[in-house]
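Welcome, and please open the structure in your viewer. We will go from one selection to the next and look at what is there.

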Amino acid sequence: MQIEEVLGNKLRIKILKILNQMGELNVSEIARKIGANHKTTMKHLNILEDEGVLQHKMFGRIHLYRLNINSAKARALQSLIENWDKAEVHH
């Protein structure tokens, strides 16, 4: 998947920003924060995980998602988000 496909969706960008800020969240928390239902949220989480940007672990039925710090793509996106947010503050 090309970067414009990954970043071409507002919900995926929100997911990346939230996980960058919060560290690790379960699906229900992510869905609530991005204003989407569970099914839609899972679809976007799966896309991001398939690209190697996110990783998840399970505790029973609870899936916890976080940025995959071992991924060059995730580190690049993290840097982009942080630099973008810093630039917004200075305007």
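A nonpolar core here is a set of buried Ala, Val, Leu, Ile, Met, Phe, Trp, Tyr and Cys residues joined through side-chain atoms within 4.5 Å. Buried means under 20% relative accessible area, exposed over 50%, and partly exposed in between, using a 1.4 Å probe and protein chains only.

A word on the coordinates: this is a predicted model, in which local features need pLDDT of at least 70, side-chain atom pairs count only at pLDDT 80 or more, and totals for chains, interfaces and linings use all residues. Residues are numbered from 1 along each chain as its sequence is written, and side-chain values use heavy atoms, with hydrogens and water left out.

Colour by pLDDT, the predictor's confidence in each residue from 0 to 100. The mean for the protein is 94, and 99% of its residues reach 70 or more. Helices (H or I, at least four residues) and strands (E, at least two) are DSSP runs, numbered from the N terminus.

Now select Ile 15, Leu 16, Leu 19, Ile 30, Leu 45, Leu 54 and Tyr 65: of the 21 residues in the largest nonpolar core, these touch the most other members. Two or more residues of this core come from each of H2, helix H3 (27-34), H4, strand S3 (62-67) and helix H5 (72-89). H2 gives the largest share, five residues.

Stay on Leu 54. Leaving aside residues up to four places away in sequence, Leu 54 touches partners including Ile 15, Leu 45, Tyr 65 and Asn 68; contact means heavy atoms within 4.5 Å.

Next, show H2 (residues 10-22) with H4 (residues 38-50). Their axes come within 10 Å and cross at roughly 70 degrees. Axes are lines fitted to C-alpha atoms, for helices over the stretch in contact, and angles run from 0 to 180 degrees between N-to-C directions. H2 and H4 are therefore roughly perpendicular, a label for 65 to 115 degrees (under 35 is roughly parallel, over 145 roughly antiparallel, the rest oblique).

On the H3 side, pick Val 27, Ile 30, Ala 31 and Ile 34; on the H4 side, His 38, Thr 41, Met 42 and Leu 45.

Last stop: is Val 27 buried or exposed? Val 27 counts as buried, at 5% relative accessibility. Its C-alpha atom is separated by 7.2 Å from that of Thr 41, 14 residues apart along the chain.
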